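Welcome, and please open your viewer. We will go from stop to stop, with something to select at each one.

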Amino acid sequence: MQGAFQGKTGCRAITDSSGSGFQVQMKGKVVVIGGGMVGVCCAWFLLKRGWQVTLVERREIGVETSYGNAGVITRGSILPLNNPRLWKSLPGYLGNHSAAVRYDPLYLARHSWWLARFLANARDEQTLRAAAALNELMTRALPVHKALMQEADVLPRLRENGWLKLYRHAERFDSSAYERRIYDHFGVGYQIVEREQIQALEPALQPIFNKGILVTDTASVDNPGAVVQAYAAAFVAQGGVIRQGTVTDARQVGGEFVVSIQQGVNSFAEHTDQLVLAAGPWSNQLLKPYGWQLPICYERGSHYHYQPQAGVLPNRPFYDVESAYVMTPTDNGVRVTSGSHLLDIARQAEPVQLQQVLPRAQEALPLASQPVSPLWQGNRPSTPDALPILGALPGVPGVWLATGHQHVGFSTGPVSARALAALIDGEQPEFDMRPFSPSRFRF
């Protein structure tokens with residue numbers, strides 16, 4: 001992979017979304033650690049601004065957290081998970097049998113501060129603050145993605161037909177009232193749909209859903225990992241460099257930063273003026289030399305791919321709210337995703353939630369008996385206020401953070417990256433970055 005993504009340094013010709021080229025003089029060296037959507041976009045936007053950029057990723061680009069999602073880009077995700085509705089759901093989670101949320105009790109005990117803050121934020125005032133901050137990212141997400149997709153030649157992967165939140169029982173639809181109030185408050189486009197409308201929108205589905213919400217302020221892609229890889233390829237085509245290897249250390253030495261990388265039996269170092277940590281769940285490991293530990297917990301997610309028995313895919317992603325799974329059409333059948341499992345990043349666990357929801361998914365869309373791809377599992381980094389961490393590491397000039405995106409990293413990665421690149425250049429981004437500042441957490 002290193003050879004395939006090797007770039008050159010110096011003065012480069014950068015191509016914008018219109019296809020025109022222009023010369024950019026390099027400002028200095030930046031190393032970005034993390035090859036998911038957030039890290040790739042940080043590297044690309046910094047390159048566009050004239051920095052000499054090296055992106056470091058331990059595996060192939062886009063195969064970690066950015067790969068295993070539903071590929072949805074939606075303003076409907078402005079409602080944080082820890083909103084006031086959580087208190088009604090909490091008793092159902094305590095038995096640790098829910099398909100939506102499971103947890104390792106010892107892991108949560110070790111992260112009791114995070115859990116206390118997470119629950120304390122599940123109130124109206126904080127929900128509105130978090131939703132307002134997320135709305136700044138979400139309203140810009142689709143236009144920025146479309147420009148990058150055009151430039152990376154993957155725009156045909158985009159669908160702009162919304163996504164569905166479906167309810168099997170009409171009375172359970174009432175539980176969405178708070179969510180719809182948030183949508184109304186921030187002007188998120190949606191339509192309430194009845195059984196007949198659902199069938200017209202999704203004729204491939206069995207008629208088991210009685211009511212739903214079509215979130216119209218939404219687009220989706222048919223292969224999230226392929227989109228990330230296309231962005232990375234465009235970054236390299238414009239002069240960026242990708243190094244594949246495990247970062248064993250990233251610390252300040254004198255007036256620069258030294259990133260130590262292990263690549264098989266070989267080791268080497270990258271020297272840089274600026275360091276961007278966009279390593280998602282692994283970001284805390286890189287912060288140890290600086291005396292920082294971010295309050296991040298890990299949400300394990302899983303998915304399988306199946307072919308529908310009738311060979312007909314849904315037209316858009318949908319969320320079976322009562323059954324706690326999302327199904328999305330991809331270029332490899334349908335992807336069925338599980339709920340969240342809170343446990344240590346290194347711990348192996350059976351995909352019990354995915355096994356739990358598969359029979360329910362079969363009721364909505366009969367699937368082949370065997371998956372067409374192996375089980376995928378990954379970890380989402382989650383903050384107690386449900387907001388990403390974007391900005392300068394306090395007290396360490398030259399270190400920048402872009403992590404903690406929870407369930408919205410694929411959607412908001414480009415917007416987060418564009419804003420961070422502006423900050424690195426000493427500019428004020430187009431929206432208030434204070435809600436995302438790392439300085440809100442200090443340990």
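Start by selecting Arg418 and Glu430: these two form a salt bridge, with their closest N and O atoms 2.3 Å apart. Arg418 sits in helix α11 while Glu430 belongs to the segment after α11, so the pair ties together parts that are twelve residues apart in sequence. Colour Arg418 by accessibility and you will find a residue that counts as partly exposed, at 29%. Keep in mind throughout that this is a predicted model.

**Next stop: two helices**

The crossing of α1 and α11 is right-handed. To see the contact itself, show side chains: on the α1 side, Met37, Val38, Cys41, Cys42, Phe45 and Leu46 take part. Their partners in α11 include Phe410, Pro414, Leu420 and Ile424, and Arg418 from the opening stop is also among them. What kinds of residues make up this contact of α1 with α11? Twelve are nonpolar, two are polar and one is charged.

Side chains of opposite charge can pair when their charged atoms come close. The whole structure holds 28 salt bridges. Select Asp217 and Arg75, whose side chains meet in a salt bridge at 3.0 Å, N to O. Asp217 is in the loop between β10 (211–215) and β11 (218–221), and Arg75 is in the loop between β5 (72–74) and α2 (86–94), so this pair links parts that are 142 residues apart in sequence. Asp217 is partly exposed, with a relative accessible area of 27%, whereas Arg75 is buried, with 13%.

Now select Arg316 and Glu202, another salt bridge, where the closest N and O atoms are 2.8 Å apart. Are these two residues buried or exposed? Arg316 counts as buried at 7% relative accessibility, and Glu202 counts as buried at 1%.

**Last stop: a sheet**

Finally, select the three strands of an open, antiparallel sheet, in the order β13-β14-β15. The edge strands are β13 (246–253) and β15 (266–272), each pairing on one side only. On average, neighbouring strands here are turned by 20 degrees against each other, direction ignored. Zoom in on β14 (residues 256–263), which is joined to β15 by seven bridges. Val258 stands opposite His271 in β15.

Conventions
Residues numbered from 1 in each chain as written. Predicted model: local features only at pLDDT ≥ 70, side-chain atom pairs only at ≥ 80, totals over all residues. Heavy atoms only, no water. Left-handed = near helix turned anticlockwise from the far one by under 90°. Helix = DSSP H or I, 4+ residues; strand = E, 2+ residues; numbered from the N terminus. Contact = heavy atoms within 4.5 Å. Nonpolar A, V, L, I, M, F, W, Y, C, P; charged D, E, K, R; others polar. Pairing = 2+ DSSP bridges. Axes fitted to C-alpha atoms, helices over the stretch in contact; angles between N-to-C directions. Salt bridge = Lys/Arg side-chain N within 4 Å of Asp/Glu carboxyl O. Buried < 20%, exposed > 50% of the residue type's maximum accessible area, 1.4 Å probe, protein only.
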